[in-house]
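Visitor: Could you take me through this structure? I am new to it and would like to ask questions as we go.

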Amino acid sequence: MAWVLVVRPLNQIRLLTQEMFQVLLLCDGETELPGGLLDDSMQKVLEQCVGEGIVEVSEQACPLEADQYYHYYHNRYTKRVFWSVTGRCNFRCRHCYMDAPEAMLGELTTEEAFALIDQMAECGVLQVDITGGEPFVRKDFWQLIDRILSYKMVVAQIYTNGWLVNEDILNEFERRGLKPEMAVSFDGTGWHDWMRGVSGAEQAALRALKLCHEHGFHTSVGMCIHRGNKDTLPQTVEALRAVGVQRIKTAHVDETDLWRRCSDGNALTWPEYIDVMLPYIEWYYKAGRPIEELEFGGIARLNQEGPGELCVRHYDGTERCRECYLCGSTRWSCYITPEGRLLPCMPMTASPEQERFPKVQEVGLKKGLKNSYYMQFVDSRVKDLFEANMECDSCRYRYECGGGCRAAALLTGDHNLMGCDRDMCMLWKEGYVDRIRKALDEASAKYGNDI
């Protein structure tokens, strides 16, 4: 990622060729071009940049602003940081990764949080998405937002339970020119209060979603599926659509210690979850694709504009899989816990394995993104997993699944970072992938033209 063009204000990125990069270095507002500096090939690149609006012609010197010059960062390129700004929460969810009501992971002080934000900017981070616990319980929330914005980093998503979302909060976002996507949990009509441990949580979530929609904020919903709410999806989709939601993602509830203690018999095994969700593929099409996007986590993604997508097959089935990175998402983003630990993803907070990863306060974010156990993980290839795990290496499906998800291997598999993702094993070895593909094909053939 040596040459990237960042397009303000949304911090969209465009990868540059070396030749385009060299041309743009000359477009400093003070160097007269072509002026004998460009060969024919570079001249064509310049014309392309002008045509695309990347540079503009000026008849007189017009020096760049400081922010427009190329900046080299000495660490791993990371576009997005997903940051739990607090471990505290006003809910008592039955499945929380960090047992948030007890705030076992605490939170950074304002000064520590400021220092972390400063380090994000020093490392070239372009986007900071906020979660918790419940982020709005922090009294210094807007101080953190303003610190992030002072570096022209984007806040694109806020994950909240919705209880504290009101006109004042949305006005504060709008006053700053911000309209992040508001991602709200909603675990089924009639069941949300039970799952979240607070009476009135369901109405609060619907109220928050409706208010966000009225203010023009994009909204999305995550829905945890369990034995109690498994039959509520149709009415849940309708209730959410009525308040402006257009994207819903369901998920199997990860087997955290808290969920094992508090599920009251409602926990579903991974096969049970798939069996529950498969009929909903046909339901979505038969119901006329009632919502813009409906994703069944780990199974399939359905949308109004095209065919359904299989979410299981991650690789092309050839030996090229061995050279692929162990976790693709960590090549572009990272997760920082409430206590400042640098992790590949949020689910890993539920595993003791997280303690092997560095704390930013102790090593600094730049070192964490350059030379740390975290970077060892990020740079690992599928072949490294196969070398450490003979069961995966000898499996006939290894070049389709690539060993599966490392967080799943920690939480529900072998409880080993390089162990087997048993959920993925089951999908391939017990024919579930074929069943999912068949359900998609049959639904598409039967209803595909009714868009």
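Predicted model: local features only at pLDDT ≥ 70, side-chain atom pairs only at ≥ 80, totals over all residues.

Visitor: Let us start with the strands. In which sense do S1 and S2 pair?
Guide: Strand S1 (residues 4–7) and strand S2 (residues 12–15) are antiparallel, with four bridges. Strands are DSSP runs of E with at least two residues, helices are runs of H or I with at least four, and both are numbered from the N terminus. Two strands pair if DSSP finds at least two bridges between them.

Visitor: Which residue is the bridge partner of Val-6?
Guide: Val-6 has Ile-13 in S2 as its bridge partner.

Visitor: What lies between those two strands?
Guide: The hairpin has four residues between its strands, and Asn-11 has a positive phi near 60°.

Visitor: Where is Pro-34, and what joins Leu-33 to it?
Guide: Pro-34 sits in the loop between helix H1 (18–26) and H2. A cis peptide bond, with omega about 5°, links Leu-33 to Pro-34.

Visitor: And Asp-264 and Arg-289: where are they?
Guide: Asp-264 is in the loop between helix H9 (257–262) and helix H10 (270–277), and its phi is positive, about 55°, although Asp-264 is not a glycine. Arg-289 is in the loop between helix H11 (279–286) and strand S9 (293–296), with a positive phi near 50°.

Visitor: Is each of these two buried or exposed?
Guide: Asp-264 is exposed, because its relative accessible area is 55%. Arg-289 is buried, because its relative accessible area is 5%. Buried means under 20% relative accessible area, exposed over 50%, and partly exposed in between, with a 1.4 Å probe and protein chains only.

Visitor: Changing topic, how does strand S5 run relative to S6?
Guide: Strand S5 (residues 157–160) and S6 run parallel and are joined by four bridges. Gln-157 stands opposite Glu-181 in S6. Strand S6 (residues 181–185) is mostly covered, with four of its five residues buried.

Visitor: Now single residues. Where is Asn-75, and what does its side chain reach?
Guide: Asn-75 lies in the loop between helix H2 (40–51) and strand S3 (80–84). Its side chain reaches the backbone oxygen of Cys-123 at 3.1 Å. Asn-75 counts as buried because its relative accessibility is 11%.

Visitor: What about His-74?
Guide: His-74 is also in the loop between H2 and S3, and it is partly exposed, with a relative accessible area of 48%. The C-alpha atoms of His-74 and Gln-235 are 51 Å apart, with 161 residues separating the two along the chain.

Visitor: Which residue's side chain does Tyr-399 meet in a polar contact?
Guide: The side chain of Tyr-399 makes a polar contact with the side chain of Arg-322 at 3.3 Å. A polar contact is a pair of N or O atoms within 3.5 Å; within protein, one must be able to donate a hydrogen and the other to accept it, and residues adjacent in sequence count only if both atoms are side-chain atoms. Tyr-399 is in helix H17 and counts as buried, at 13% relative accessibility.

Visitor: Finally, how many cavities of 30 Å³ or more are there?
Guide: The structure holds one cavity of 30 Å³ or more, and the largest cavity has a volume of about 120 Å³. A cavity is a set of points on a 1 Å grid over the protein atoms alone where a 1.4 Å probe fits but cannot get out, and lining residues have an atom within 4 Å of a point. Grid points are joined across faces, edges and corners, and a volume is the space filled by probe spheres set on the points.

Visitor: Which residues are closest to its centre?
Guide: Of the 14 residues that line the largest cavity, Cys-392, Cys-395, Cys-401, Cys-425 and Lys-429 are the closest to its centre. H19 gives the largest share of the lining, four residues.

Notes: Residues numbered from 1 in each chain as written. Heavy atoms only, no water. 1 Å grid on protein atoms, 1.4 Å probe; cavity = no way out; pocket = protein on both sides within 12 Å on 5 of 7 lines; lining within 4 Å.
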